[in-house]
Amino acid sequence: MSTRMSYREALREAMGEALERDPRVFMMGEDVGRYGGSYAVSLGLLEAFGPERIRDTPLSELGFVGAGIGAALGGMRPIVEIMTVNFSLLALDPLINTAAALRHMSGGQFSVPMVVRMATGAGRQLAAQHSHSLEGWYAHIPGLKILAPATVEDARGMLWPALEDPDPVLIFEHAQLYNLEGETGEWETVDINRAKVRRAGKDLTLITYGGTLGKALAAAQELAAEGIDCEVIDLRVLRPLDDETLMASVCKTRRALVVDEGWRSGSLSAEIITRIIEQSFFELDAPPARVCSAETPIPYPRHLEEAALPQVSTIVAAARQLCQGHQDEHSDAAYSNSEPGR
Amino acid sequence: MSFPPRTQDIALDVLRDMVRIRRLEERAGELYGEGKIRGFLHLYIGEEAVAVGVLHALAADDAVVATYREHGHALIKGVSINAIMAEMYGRQEGCSRGRGGSMHLFDAGTRFFGGNAIVAGGLPLTVGLALAERMQGGSRVSVCFFGEGAMAEGAFHESINLAALWQLPMLFCCENNLYAMGTALDRSQSQTDLCAKASAYKVDARAVDGMDVIAVHEAACDAVEHIRAGRGPFFLECRTYRFRAHSMFDPQLYRDKDEVEQWKARGPIHAYSTRLKAEGLLDEPGFLAILSQVDAEVEAAVTYAENGSLEPLEDLSRDVYTPRAAS
């Protein structure tokens, strides 16, 4: 049976269910209790589970993320909420120097079964200290697992497998998605190791995740009207990347466009394209391309913010350019037929 | 002068444990010179009374988190001396499979949670251990050792606030050796009364002579009683001194030789063994017997480490993630 709900409600239901199911699970973060969560994700949970398990913290990201690690080592299953990815920078030390390193550094003695959730992304005119997309940066770190639910179903289904994972899992929720409505089944859990094909197509693979999935799907629809049939892959897991799903698609379409709200230099999009080149270079008909955010801090005024971010129009334009040769091929039946292996 | 009742029974164990740390550290320093131990090596020589006094006040299943100057804490917590030495040698028989080295000793079996080389990094971790204990209804205490330098870090202030706010069963054990690497306390912190900082967070605090193992032990026993009675966290400042350089690369330009000599005259092992003799609890042959037993233990550990093996290269990426059964 499937139910219609918002992304926010899906997250809340997933947490409620986890809290009911496992007495080791508790939640902590800034304003998660009485306030109900800065994005209202945990609204009502304090009343249902009490202040021991829905624990308001002071403004101490370094302190309470580090405490989450210790609590996980001590046998609990903490869900730590950080208001936004920008604030998570105050907790980089415990996340990277401890959570990510501890198991390897201790010779396999100490795993850190902690889940950290945070909002990411731009689009709400919140300017340069509340709008960045730094999840790709975290995906650089061995020892962390990075998830980016882009649908209501994933918002609902990723938390439980993340809590069952013995290692630290960071879940990035694009702030524009909280009001997204969608269908989700009852207790559907998601495979948190695999990317998912959200739209099948044969001409071009659009690779994206999180807040830009909707834009990529809208672009695919527009492109379909022009005769460009896009396959849209939702990465879902930013670390470890699901190379198998990516390469299977790229080898089919022979063209890849990465859409990422992160910056392009030294980025997740760079990593994905490098992997495509390393593993599937000879299958490609065109150089891979990407649509990323402008290399600036995200500005406040709407027109500049919009210009800084990937948009349906910029995705469509990049896709068209990438498929230029492809469309020429289609217009030239003789050339197209002459190529072997098509 | 007489012994407090709590110390009477362990009077000689305490001496032996300080000597064990001293000889382990001296030997480690020599092995560093021989190139057997590499990386950073931070010796605890001079500060032995702190780890020994505090750890003898704990139960075996209490949790301990320490710094990168932690060989002594690991040893007295019960981590095998062989595994400690093998770890410094980078051998897979080490307590962290040789992956951590001197700064990252870990041992799940004795609840020794490192070996943290980020100054103040162990503090939030210990808050979490104490929180987990409280939420699970246990009575174990979580202890974090840190230097006075850590008290300039935000992590200290965030952690003590959390511990006090949530009334957690945690002992903050500050090893005040007066220098954060080479920077003296009064050159780096506006408030040099460390207990006043803890008191500002409404945490009960006490300073003790960290060169006097009995004074440390008495204070630590009181602190642990306070914590187990559910009266919240406790801050214990142990005033001590590092006799050796910060690490093996430190020419010690920042302190006078006279100052070092004055502190050495108050050396914790010398002071305590003198006291034991005055009390009639120890004589010179007895002391020499302890020294030779400890030397044999340390040499056996060196032999163990020498005979250790290197982790195979194919295991390099093992345990970046926890292995999981195929589903």
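This is a predicted model: local features need pLDDT of at least 70, side-chain atom pairs count only at pLDDT 80 or more; totals for chains, interfaces and linings use all residues.
**Entry 1: B:Gly29**

I then placed B:Gly29 in the chain: B:Gly29 belongs to helix α2 of chain B, which covers residues 11-33. I also checked B:Gly29 against B:Glu133, which is 104 residues away along the chain. Their C-alpha atoms are separated by 37 Å.

**Entry 2: confidence**

I noted a mean pLDDT of 96 for chain B. In that chain, 99% of the residues reach 70 or more. For the complex, I read an ipTM of 0.96 and a pTM of 0.95 from the predictor.

**Entry 3: two helices of chain A**

I turned to helix α11 (residues 243-253) and helix α12 (residues 268-280), both of chain A. How are they packed, by angle and by axis distance? I found an angle of about 65 degrees, with the axes 10 Å apart. α11(A) and α12(A) are therefore roughly perpendicular to each other. I recorded their crossing as right-handed.

Next I listed the residues that meet. From α11(A) I have A:Asp243, A:Leu246, A:Met247, A:Val250 and A:Cys251. They meet A:Ile272, A:Arg275, A:Ile276, A:Gln279 and A:Ser280 in α12(A). Sorted by class, this contact of α11(A) with α12(A) has six nonpolar, two polar and two charged residues.

Terms used: Residues are numbered from 1 along each chain as its sequence is written. Chains are lettered from A and ligands numbered from 1 in the order in which they are written. pLDDT is the predictor's confidence in each residue, from 0 to 100. Helices (H or I, at least four residues) and strands (E, at least two) are DSSP runs, numbered from the N terminus. Axes are lines fitted to C-alpha atoms, for helices over the stretch in contact, and angles run from 0 to 180 degrees between N-to-C directions. Angles under 35 degrees count as roughly parallel, over 145 as roughly antiparallel, 65 to 115 as roughly perpendicular and the rest as oblique. A crossing is left-handed if the near helix is turned anticlockwise from the far one by less than a right angle, and right-handed if clockwise. Two residues are in contact if their C-beta atoms, placed from the backbone, lie within 7 Å. Ala, Val, Leu, Ile, Met, Phe, Trp, Tyr, Cys and Pro count as nonpolar, Asp, Glu, Lys and Arg as charged, and the others, Gly among them, as polar.
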